[in-house]
Amino acid sequence: MDIHVCGYSYHTQGFYSQHKPGSASYLFRLQTEGSCEAKINGEKLLIKKGDLLMVHPEDHYELFIKEKVGSGDYYLICNDAWLDEWWSRSAKRTISHIGINETLISLWQNIIIEERRPSSSDNKMITSYLLRALCLSLERASTETSPAFSRPYSVTRMMRYIEEHALTTFKADDVAQHAGLSLSRSVHLFKSCVGKTMVEYAQEIRLSSAIDRMIYTNMTLEHIAIECGFGSYSYFCKVFKKKYGTAPGAYRRLRSNVVINNNQTDYS
């Protein structure tokens, strides 16, 4: 991966930049604060907070930031054969409103940090994988906010919030507020689109995380119950038994025996 520049900028004064066709570089830009204007292949666009721009090397891109507007963004200019293949395998939207996604920003920030380190083979490998993860995440975020996507974007926002907070304590009010909906509307919309309640969706994530810890760690069941967001072992046991028809301890012993038997080698 050849990263030309990657960083975060905040402008309070007038600013102009452009990306000319034939540059051989891809440009990614996420507006995180304020607003600005852009012109892509002659089309003028108002760029608002949460808007993602993905610019192909053959696109003509111009960015305009007015005096005293206040505009913040994460940006990345890079090129690589993997990027060529990734871009060509599906249609990419030039502009998408994906909101402020902390996971994406964390990936972006890690690339910035790696780029500051002295160059080494390990450093380049880490940066390469981070960049691929970022591109794939940007693609998913853009697809999920497309008008043609199978579910409303607000439902996707609720799902992502639950996935990120399932192992902690959260309320339905928190999910609704994150999606910009009333509590009653969010509860009805989530159930109708996902086919399960917010609690049921969170419990599936918690149970999956608990099973991984039961099989692959020596953590106590009480510790697992707390770490996976159940609050107490008694509640964890109740939810687990309802889902799998057996107590967590019995399930753990059964799965442990299966793992041991699968790992045994016959020397006869």
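Two strands are said to pair if DSSP finds at least two bridges between them. In this predicted model, β3 and β6 meet that condition, pairing in the antiparallel sense over four bridges.

## The open sheet

The two strands belong to an open sheet of five strands, arranged in the order β1-β8-β3-β6-β9 with antiparallel pairing. Strands of a sheet pair through backbone hydrogen bonds, either parallel or antiparallel. At the edges stand β1 and β9 (95–97); each has a single partner strand, so one side of each is left without a neighbour in the sheet. On average, neighbouring strands of this sheet are turned by 15 degrees against each other, direction ignored.

Strand β3 also pairs with β8: eight bridges join the two, which run antiparallel.

| Residue | Partner | Strand of the partner |
|---|---|---|
| Arg29 | Tyr75 | β8 |

Helix α1 touches β3, β6 and β8, and its direction makes about 75 degrees with that of β3. Helix α2 touches β1, β3 and β8, and its direction makes about 115 degrees with that of β1. Strand β3 is mostly covered, with seven of its nine residues buried.

In soluble globular proteins, nonpolar side chains tend to be buried together. The largest nonpolar core of this model has 27 residues, of which Phe28, Leu76, Leu83, Trp86, Trp108, Leu134 and Leu138 touch the most other members. At least two residues of this core come from each of β1 (2–11), β3 (26–34), β6 (51–55), β8 (71–79), α1 (81–88), α2 (102–116) and α3 (121–144). Which residues are in contact with Leu138, leaving aside its neighbours within four places in sequence? They are Phe28, Leu52, Met54, Ile98, Leu104 and Trp108.

Apart from this core lies another, of 15 residues, among them Ile211, Ile224, Val239 and Tyr251. Ile211 is found in helix α7. Its relative accessibility is 10%, and buried means under 20%, so Ile211 counts as buried. When neighbours within four places in sequence are left aside, Ile211 is in contact with Phe240, Tyr244 and Tyr251. Between Ile211 and Ser182 there are 34 Å in space, C-alpha to C-alpha, and the two are 29 residues apart in sequence.

## Helix α6 and its two sides

Helix α6 (residues 183–194) has 12 residues and reaches 16 Å from its first C-alpha to its last, close to the 16 Å expected at 1.5 Å a residue. Which residues of α6 are buried? Ser186, Leu189 and Phe190 are. Seen down the axis of α6, the buried residues fall within an arc of 100 degrees, so they line one face of the helix. An α-helix has 3.6 residues a turn, so residues three or four places apart point the same way. On the other side of α6, Ser184 and His188 are exposed.

What covers the buried residues of α6? The covering elements include α4 (153–165), α5 (172–179) and α7 (198–216). Just after α6, Gly195 takes a positive phi of about 85 degrees.

Note on methods:
Residues numbered from 1 in each chain as written. Predicted model: local features only at pLDDT ≥ 70, side-chain atom pairs only at ≥ 80, totals over all residues. Heavy atoms only, no water. Core = buried A, V, L, I, M, F, W, Y, C linked by side-chain atoms within 4.5 Å. Buried < 20%, exposed > 50% of the residue type's maximum accessible area, 1.4 Å probe, protein only. Contact = heavy atoms within 4.5 Å. Expected span 1.5 Å × (residues − 1). Arc of directions from axis to C-beta. Axes fitted to C-alpha atoms, helices over the stretch in contact; angles between N-to-C directions.
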